[in-house]
Amino acid sequence: MYKALSAIIATFLFSSLAIAQVDLLPERFVFEPELSYASDIHSPAEYLGYELGESFTLYANAVSYFQYLAEQSDRVMINEYGETYEGRKLYNLVISHPDNLAKIEDLKAANLRLGDPRNISTSDAQEIIDTKPVFVSYSYNIHGNEASGTEAALQVSYRYAAAQDAATLDVLRDAVMIFYICINPDGRDRYVYWYEGMKRAMPASSPRDLDHYAPWPNGRTNHYWFDLNRDWIWGVHPESRGHTGEYIKWMPQVHTDYHEQGYNANYFTVPGTTPRNLLLPDAYEQLADTIGKANIAAFDQHRVNYFTREAFDFFYPGYGSSYPSVMNAIGMLTEQGGISGGRIIQTDDGQDLTLRQRIFDHYTTSVATIEKAAEQKELFNRYYYEASNPKNSKSKTKAYILPDDGNIYLSEVINILLRQGIEVQKVKNSKAISGATDYRSGQRMSLSAKSGDYIISTDQPKHLFINSVLSKQMTIEDSVMYDMATWSAPIAYNLSAYSTESSLSIDTEPVTEPISLSGQVVNSGAQYAYIIDWKQRYAPRALVKLWEKGYRVRAAEEAFSLSGQRFSPGSLIVLLGRNWEHQKTWHEDMAEIADATAVTIVGLETGRMDAGNDLASRKSHPLKPVKAAMLVEQPFSTYTCGQIYYLFDQETQLPVDRVRTSMLEQTAIPKLGSRYGYADLKDYDVLILPGGGRHLSKLFGEEQLKALEQWLREGGTLVATESASSFFTDGKVPFAKAKTIKTPKDSSEQVKYLNYAERTDYFGKKRIPGSALHAEVDVTHPLAFGVEESLYSLSFKGAVLEPAAGLESVVHYAKDPQQLLASGYSNEENLELLAGKSPAAVERVGSGQIVHLVDNTQYRMFWRGPSRMMQNAVMLIPSF
């Protein structure tokens, strides 16, 4: 504390001795002053009333300028392609020569023809390659607080809308530019409104000024605190569904994703580092470097500092830099130093980094990339054509088979593929397939493809996307990676899946429409009970609707059946005799809920079951409507909080209070809520701790832990996710007895004398960078109701639990280390350590319980296999 305070004082004294006029617009960062522009088109500075870099531009004002350009210039079109959660419209600009825009639909059609080598002759393809403008697209500002992107887009768009020189006209003839001007306007405006409210009249260059500390959750993420730059494939959010839906209409040959990094870093441009997606064509690296060298040539001219190759891999295909690459383009990344930089900030080497320079740098690479792509248009057109040819695939896989076996997430995966323009076939007549590889066992086997099963052939233009997203295991050349080691869709959604290296000859029909779920009531007008099987996609939402209408609902502890129909454990039971006050609306309410939640509700005339417990059994547990809270703010991860927030707010539609940790009053009884109206913890049935790890000790001191224990013993449910679980283990708190695995200390001679240069690789190999592990599930436990018996659990090597007699171990990893790793990377030492251990368990404390969910059960809302456990922890466990 003393050292930190001394540093602040020293910084203050040094700064006070060196007060100087702050220059927000250094002369060296002028945008191509040699160019002449159309006099009837205003520049961004003229239109907005300030020079770019003097202030941040609100999204609405940026959109207004882009619309103005489209009105004033015959080189510009603007298109609305979506809308955010907060109601902001999403736009892209299309900029090219007026002659190109006059026939833009023909050019788009020719481009898509070129991208399907199955249906175009070699001569026709060559003609398109030679004559078609190259399509170049940019995605700006996908992270809201990386705000220089949209500012740069303003100037780049003006340049190509209004510049009058011959070179610009040549570029416009040879290129069609598609600018996604701001992918994440909700996050951008969250940051910009905050900054504009905090900025000083005298610009703050000191890194310690409030200017540079936006409050949690900052502006990086979207409304639900998600990183949209991980959502290009999955389309969880409307922003992603919008821009990828628009992307596949254009299928550009070149795409750059514009970002910012920490303000002390110099500019990054391609090429990146390992691991790489080894399925990409060999020509990818060279062509990407062609653009990279054009960028650095422009930077050398302006003496802008940069680096390449030492950071940022493009392995995970869900980035804005890697998604285009698996869509047969040259996908690239740029990273400008500047996060938290405000309008000006002093870097660690004493340099003032201005917002103006950040805009200038992005402007410079935007222009350099367009010019190089236009100059080499035939080269990039040919790459796109050849990359789209499935005959050039490096993968041996001919098809993927996804059986329609009742998995509740299968339709979601099929819809993802359809949104991305993937051709999906549905089996009409059953047929045997020999030599199919089973994802769970890894064994080659004979398979009967049944009517209704889905087949995704790789003999189609987007084979790169298909193999990158559906294959069980990608080749990994480097275990030290920027993101995760696996993302295989069948594994993430816990599907049954098979692949084959043989060409299939099966009677199929194309799937042309998204799969939509619909609800129904079977035996409407029943006189005894209505049942909702818990193993339905939206059964939790149906439970919320029943609670909202005031119904008394029970959940079956065990499966039961009647007249050949089986209902799974957790199935919801509405006994009409226990809900007599609703007798006038029973049947209408059930029809309304079925329709609203896309579930099937079955009416029964008797409570006596053929097998299993009767409906009014003591093993049908009354489900009390829950009041739940989740702590947010530091030390909790924005991402983890956002995933849980989304799961309950959007999907389940169960209100969960988001309570700031700064409102956690440090008294004997923790109180949560507004500074002017504290809410006692006892007002809640469930408290979710979304991570936080060792920092939880700062929130829960001795007195708070006593109160927490009392709350638990009186029936509270504490859901400890990810690193929060470890705080309630190994004797750290007096009322929790669970123990975690102990990682042996590395005392080998090798590590004692490890070279500095070797340390990153050595310790990187000891990590588990987001890998899928085989796990078995106790589906008789209420925490696992609705979950499959076999599960792929996503591990980042958290502090998993040692199974014990006093711990209800609901999920345990495969006991054989050799059979543990399903997909991704792990060394043998970690597999030995984790085998048989538990990532999900319940520990009873008096009448309450601690639910441990060590592995993230709803990671980015695309790792869905385990996600029902989070819903169960909040909605079912308090009543069991």
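Aspartate 685 and lysine 624 form a salt bridge in this predicted model. Their closest N and O atoms lie 3.0 Å apart. Look at where the two residues sit. Aspartate 685 belongs to the loop between strand S29 (677-680) and strand S30 (686-690). Lysine 624 belongs to the loop between strand S25 (620-623) and strand S26 (628-632). The pair is 61 residues apart and links distant parts of the chain. The surroundings of the partners can be compared too. Aspartate 685 is buried, at 16% relative accessible area. Lysine 624 is exposed, at 53%.

Now turn to arginine 358 and glutamate 260. Their side chains meet in a salt bridge, 2.6 Å from N to O.

Next comes a pair within one helix. Arginine 382 and glutamate 386 form a salt bridge of 3.5 Å, N to O. Both sit in helix H14 (residues 377-387). They are 4 residues apart, so about one helical turn separates them. Arginine 382 is partly exposed, at 28% relative accessibility. Glutamate 386 is partly exposed too, at 38%.

Finally, step back to the whole structure. How many salt bridges does the structure hold? The count is 48.

Methods: Residues numbered from 1 in each chain as written. Predicted model: local features only at pLDDT ≥ 70, side-chain atom pairs only at ≥ 80, totals over all residues. Heavy atoms only, no water. Salt bridge = Lys/Arg side-chain N within 4 Å of Asp/Glu carboxyl O. Helix = DSSP H or I, 4+ residues; strand = E, 2+ residues; numbered from the N terminus. Buried < 20%, exposed > 50% of the residue type's maximum accessible area, 1.4 Å probe, protein only.
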